[in-house]
Amino acid sequence: MNYGVFREGFDAPKTRAILVARPVYSPNLYFQMIGRGLRGPRNGGTERCLILNVEDNIENFGPELAFSELDWLWDPL
């Protein structure tokens, strides 16, 4: 399966969930990937989108993974 087909140049405005199950080191690429589901109703998207980051062997990749740039969003208040 080619997972790269969904990361750039793919339009899916009604995306309700995104599963990031591979290491992504580029914050720009990560934002582009999750941006598929973060358009909102005013841009033809959905009201909410579930974003799941798989962390099964994340320790092997270190803190340089792109989603660590957004840790402040994932932490509860």
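**Surface, fold and local contacts of the predicted chain**

The protein chain has an accessible surface of about 5900 Å², and carbon and sulfur atoms contribute 54% of that area (Shrake-Rupley method with a 1.4 Å probe; for residues, only the protein chains shown count as cover). The structure is a predicted model, in which local features need pLDDT of at least 70, side-chain atom pairs count only at pLDDT 80 or more, and totals for chains, interfaces and linings use all residues. Residues are numbered from 1 along each chain as its sequence is written, and side-chain values use heavy atoms, with hydrogens and water left out.

The chain comprises two helices and two strands, arranged β-α-β-α from the N terminus on (DSSP runs numbered from the N terminus; helices are H or I of at least four residues, strands E of at least two). Of its 77 residues, 29% are buried (buried means under 20% relative accessible area, exposed over 50%, partly exposed in between; 1.4 Å probe, protein chains only). Among contacts with a separation of 6 or more, 60% join residues 24 or more positions apart (contact means heavy atoms within 4.5 Å).

In helix 1 (residues 27-35), the buried residues are Leu-29, Tyr-30, Met-33 and Ile-34. These residues lie on the same side of helix 1 because they cover an arc of only 125 degrees around the axis (the arc is that of the directions from the helix axis to the C-beta atoms). An α-helix has 3.6 residues a turn, so residues three or four places apart point the same way.

The loop between helix 1 and strand 2 (50-53) holds Thr-46, which is buried at 16% relative accessibility. A polar atom of the Thr-46 side chain lies 3.1 Å from the backbone oxygen of Thr-15, and the side chain of Thr-46 also reaches the backbone oxygen of Arg-48 at 2.9 Å. Leaving aside residues up to four places away in sequence, Thr-46 touches Pro-13, Lys-14, Thr-15, Arg-16, Gly-37, Gly-40 and Pro-41.

Asn-43 is located in the loop between helix 1 and strand 2 and is exposed, with a relative accessible area of 57%. The side chain of Asn-43 reaches the backbone oxygen of Arg-39 at 3.1 Å. Asn-43 and Lys-14 are 29 residues apart along the chain, and their C-alpha atoms are separated by 9.9 Å.

Leu-19, in strand 1 (residues 17-20), is exposed, with a relative accessible area of 57%. Together with Leu-50, Leu-52 and Val-54, Leu-19 makes a nonpolar surface patch of about 350 Å².

How values were computed:
Patches are made of residues with over 30% relative accessible area and no salt bridge: like charges are joined within 9 Å, nonpolar side chains (Val, Leu, Ile, Met, Phe, Trp, Tyr) within 5 Å. A salt bridge is a side-chain nitrogen of Lys or Arg within 4 Å of a carboxyl oxygen of Asp or Glu. A polar contact is a pair of N or O atoms within 3.5 Å; within protein, one must be able to donate a hydrogen and the other to accept it, and residues adjacent in sequence count only if both atoms are side-chain atoms.
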